[in-house]
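Here is a note for a colleague who is new to this structure. Please read the points in order, with the model open beside the text.

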Amino acid sequence: GLHIIRTEYQALNLPKNFSLFDAQDSLQLLKDLAPEAIAHDKQRLLQAQTLISNWKNQGQSEQTVMEQASGADEHIIAKLYSQYQHTLTACNALDFDDLILKPTQLLQQKPHIQTKWQQKIRYLLIDEYQDTNEIQYQLIRLLTGVRARFTAVGDDDQSIYAWRGACPHNMSK
């Protein structure tokens, strides 16, 4: 994902020298943006970070999350997600989840770029396939196209990342 982003930064409306926020940077940004009740509660802050990561790994935009939010807490975190994304953009930064999300969105929206990358990546080997999430699966499908020239190695009995959105059923798709 990072290689695609670095190559296609202009199509993504990013500067060439964009920044990459690690988990700690992201947590600090969320703390800075969060309402006081969340910012001073480490557990709630970590829950917000996880929820935002899960939304990104499901390919859900801030707008979609805002529209589908139920309950006061989810509305607060959905608003925080929107502020977080706006601030990342203002800082010319991406977080780790964007390394999969942004290339996936780009390939979905720009068929000529998708074709270019499909021609460039003729064969793909994916290890630990049982731990792929929905957005990773979509990226794989976009990169391999109708030829689907990829080999996946995995064991659905060894899936350990369900908490992070892993979908072992991707192996049967």
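1. L125 is exposed, with a relative accessible area of 64%; exposed means over 50%, buried under 20%, and partly exposed in between, taken with a 1.4 Å probe on protein chains only. L125 sits in strand 3, residues 124–126.

2. A word on the source. This is a predicted model, in which local features need pLDDT of at least 70 and side-chain atom pairs count only at pLDDT 80 or more, while totals for chains, interfaces and linings use all residues. Residues are numbered from 1 along each chain as its sequence is written, and side-chain values use heavy atoms, with hydrogens and water left out.

3. Now the overall layout. The protein chain has 9 helices and 4 strands. Both are DSSP runs numbered from the N terminus: helices are H or I with at least four residues, strands are E with at least two. The order from the N terminus is α-β-α-α-α-α-α-β-α-α-β-α-β. Of the 173 residues in the protein chain, 39% are buried. Contact here means heavy atoms within 4.5 Å. Take the contacts between residues at least 6 apart in sequence: 68% of them join residues at least 24 apart.

4. Is S26 buried or exposed? S26 counts as buried, because its relative accessibility is 5%. S26 lies in helix 2, which spans residues 23–33. The side chain of S26 makes a polar contact with the side chain of Y84, at 2.9 Å. Such a contact is a pair of N or O atoms within 3.5 Å; within protein, one must be able to donate a hydrogen and the other to accept it, and residues adjacent in sequence count only if both atoms are side-chain atoms. Setting aside neighbours within four places in sequence, S26 is in contact with F21, Q49, Y84 and D95.

5. Q60 is found in a loop, between helix 4 (42–57) and helix 5 (62–68). Q60 counts as buried, at 19% relative accessibility. Residues up to four places away in sequence are not counted here: Q60 touches W55, V65, Q68 and Y81.

6. N13 has phi near 55°, a positive value in a residue other than glycine. N13 lies in the loop between helix 1 (2–7) and strand 1 (19–21). With 71% relative accessibility, N13 counts as exposed. N92 has phi near 50°, again a positive value in a residue other than glycine. The loop that holds N92 runs between helix 6 (72–90) and strand 2 (93–95). N92 counts as partly exposed, at 36%.

7. Next, how do helix 7 and helix 9 pack, and at what angle? Helix 7 (residues 98–109) and helix 9 (residues 134–144) pack at about 40°, with their axes 9 Å apart. Axes are lines fitted to C-alpha atoms, for helices over the stretch in contact, and angles run from 0 to 180 degrees between N-to-C directions. That angle makes helix 7 oblique to helix 9. Angles under 35 degrees count as roughly parallel, over 145 as roughly antiparallel, 65 to 115 as roughly perpendicular, and the rest as oblique. From helix 7 come I100, L101, P103, T104, L107 and Q108; they meet I135, Q136, Q138, L139, L142 and L143 in helix 9. By class, this contact has 8 nonpolar, 4 polar and no charged residues. Ala, Val, Leu, Ile, Met, Phe, Trp, Tyr, Cys and Pro count as nonpolar, Asp, Glu, Lys and Arg as charged, and the others, Gly among them, as polar.

8. Helix 8 (residues 111–120) meets helix 7 too. Their axes come within 5 Å and cross at roughly 110°. Helix 7 and helix 8 are therefore roughly perpendicular to each other. L106, L107 and Q109 of helix 7 make the contact with P111, I113, Q114 and W117 of helix 8. Its residues divide into 5 nonpolar, 2 polar and no charged.

9. Last, helix 8 and helix 9. Their axes come within 7 Å and cross at roughly 80°, so the two helices are roughly perpendicular to each other. Q114, W117 and Q118 in helix 8 meet L142, L143 and T144 in helix 9. This contact has 3 nonpolar, 3 polar and no charged residues.
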